[in-house]
Each structure stands twice: as C-alpha cells, then as structure tokens.
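Here are a few exercises to work through with the model open. Try each task before reading its solution.

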Amino acid sequence: MRGGRRGGAVVAAAVLAGVLATGCGPSATPGGDDAGRGTPTAPPTPKGPVRIVESLAPDGTTVRVGSPAAKTVVTVYEDLRCPVCEEFETQGGAGALRGMVRSGEVRVEYTLASFLDARLGGHGSERAANALRAALDAGRFAEYHDVLYAHQPEESVDGYTDAYLLKLAGQVKGLRGKEFDAAVKGMKYRGFVTASERAFDTSGATGTPTMKVNGRIVDDWLAGGLFDAGMLPTVIRTMAED
C-alpha cells in the first residue's frame, strides 16, 4: 500500500540530527512528524551565465531540468498526489535544490509516478503527469511543476481534473494554448505516464519522494535531509564526492 501524509500511518522517523523523513510508499512505518528546517546553504556563485535546459531524456520517461554541463545529477521520484512530495517541494529542501540547479551545480531529473491513483481511486496523478509532459513541450515544465505542488488538492480527493489543471496552467505565462489544452483534455501523453510509472517501479525507490545522486539512492539515514533546506545541499555534495 502506498500513500499518506508524513506524520501519519505511512511515515518513518529516525535519527538524523533528530529527524528522518520518508514519504508516500509501502516501506514507510509510523513515526513522528517534526522535520528539521534550516537556512538554505548558498550555492557556489557561477562563473558565467548558466544555461538551464528542459528536455526529455532518451529513455522517454525522465524529464531533465538544468545545465547540460552539470557534473552532479539528482534524480527525484514523485507522485503528484503525494502530500509528502508537496511538503518536500513547498516546505522542505526543494527550494535549495532549485538554487543548485540555477547555479549550474546540479541537474535534476524527474520521474513521475502515479501509483496513488490505484490506491485511492481516480486518475489525478496520471492527469497531472500528462499535463506536465505537455508543459515540457512548451518549455514550462519546471514552472508548472511548482504551481501544481503549490496548489495540490487533498490526497484523498481526485482533484487534478482537466479543468483544474488548465486553471493552474493559466498561472504560467505562455503555457495555455490550443496544443497544450488539447494535450491535457485528450491525455496525449498517456504512454509517457504509463512508462514513467513502470520506470519508478523498477528504479529501486520504495516510495515518494525518493532522491538519487549520480544514480545512488539517498540512504535512509540521510533522507531526512530532503526536508531540511539547510542540510540538503550538504547531503548532495557529500554523495557526489563519494
């Protein structure tokens, strides 16, 4: 069984400066809900302009955001209906991660899961993943991704309807249009959504959010850093150096 809020029935807590956080997934166990919050570590100042590129990887399931020249690749597995992913994106370390992308230090690669639809009913995760794939065509994946998490419906509510997804897309300049709207309403990228869920299932990730650094899953004893903006850059840099 997958799903649930951090601090609820499917959340683990252990020791990492007092906290270990897990997310939506079958491996989580009951635990506390207090996450360490820190001041984000300032990323290195780039020597010149950083070219941020959004693209679909050759595997057809991974969305890349960042500089093609970045030496560190951070893979993030998320389900758009997962409230723990929302916590990571809006309150946890995702802001610090975005800063590392802007500086050119890392590139982020997203794999979008949709297992919560099967557990909770509905198709919200699938529809949101499809809409994000359509946003990639318009070069607005990262902006739309952040808007979706900022306005995530309750996990138990199948709230990512076509109408709601289009309404939120209106907050991203240049996204709405005939092609995007048709892709959302017609589930144009259903094949991408199915393949992305399959990629998650075979990735070794046991829940969402899960992070890899240069192909290595962030260990449980470090995973609390995902929810600590001050700690996450150190976790990433330490794993990248190993």
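Two residues are in contact when they have heavy atoms within 4.5 Å. Keep in mind that this is a predicted model.

**Exercise 1.** Find which residues of α1 and α5 meet, and describe how the two helices pack.

Solution. Start with the elements: α1 covers residues 83–90 and α5 covers residues 141–150. Next, list the contacts: Cys85, Glu86, Glu89 and Thr90 on the α1 side meet His145, Asp146, Tyr149 and Ala150 on the α5 side. Sorted by class, that contact has 3 nonpolar, 2 polar and 3 charged residues. Now the geometry: the axes lie 9 Å apart, at an angle of about 115°. Finally, the crossing of α1 and α5 is left-handed.

**Exercise 2.** Check the span of helix α4 against its residue count, then work out how enclosed α4 is.

Solution. Helix α4 runs over residues 124–137, which is 14 residues. For burial, use the cut-off of under 20% relative accessible area. By that test 12 of the 14 residues are buried, so α4 is largely enclosed by the rest of the structure. Among them are Gly124, Arg127, Asn130, Arg133 and Leu136. After α4 comes Gly139, with a positive phi near 70°.

**Exercise 3.** Where does pLDDT fall below 50?

Solution. Begin with the whole chain: the mean pLDDT is 85, and 81% of residues reach 70 or more. Residues 1–22 are below 50, yet this stretch has 90 contacts beyond near neighbours in sequence. Residues 26–46 also stay under 50, with 61 contacts beyond four places in sequence.

How values were computed:
Residues numbered from 1 in each chain as written. Predicted model: local features only at pLDDT ≥ 70, side-chain atom pairs only at ≥ 80, totals over all residues. Heavy atoms only, no water. pLDDT = per-residue confidence, 0-100. Helix = DSSP H or I, 4+ residues; strand = E, 2+ residues; numbered from the N terminus. Expected span 1.5 Å × (residues − 1). Buried < 20%, exposed > 50% of the residue type's maximum accessible area, 1.4 Å probe, protein only. Axes fitted to C-alpha atoms, helices over the stretch in contact; angles between N-to-C directions. Left-handed = near helix turned anticlockwise from the far one by under 90°. Nonpolar A, V, L, I, M, F, W, Y, C, P; charged D, E, K, R; others polar.
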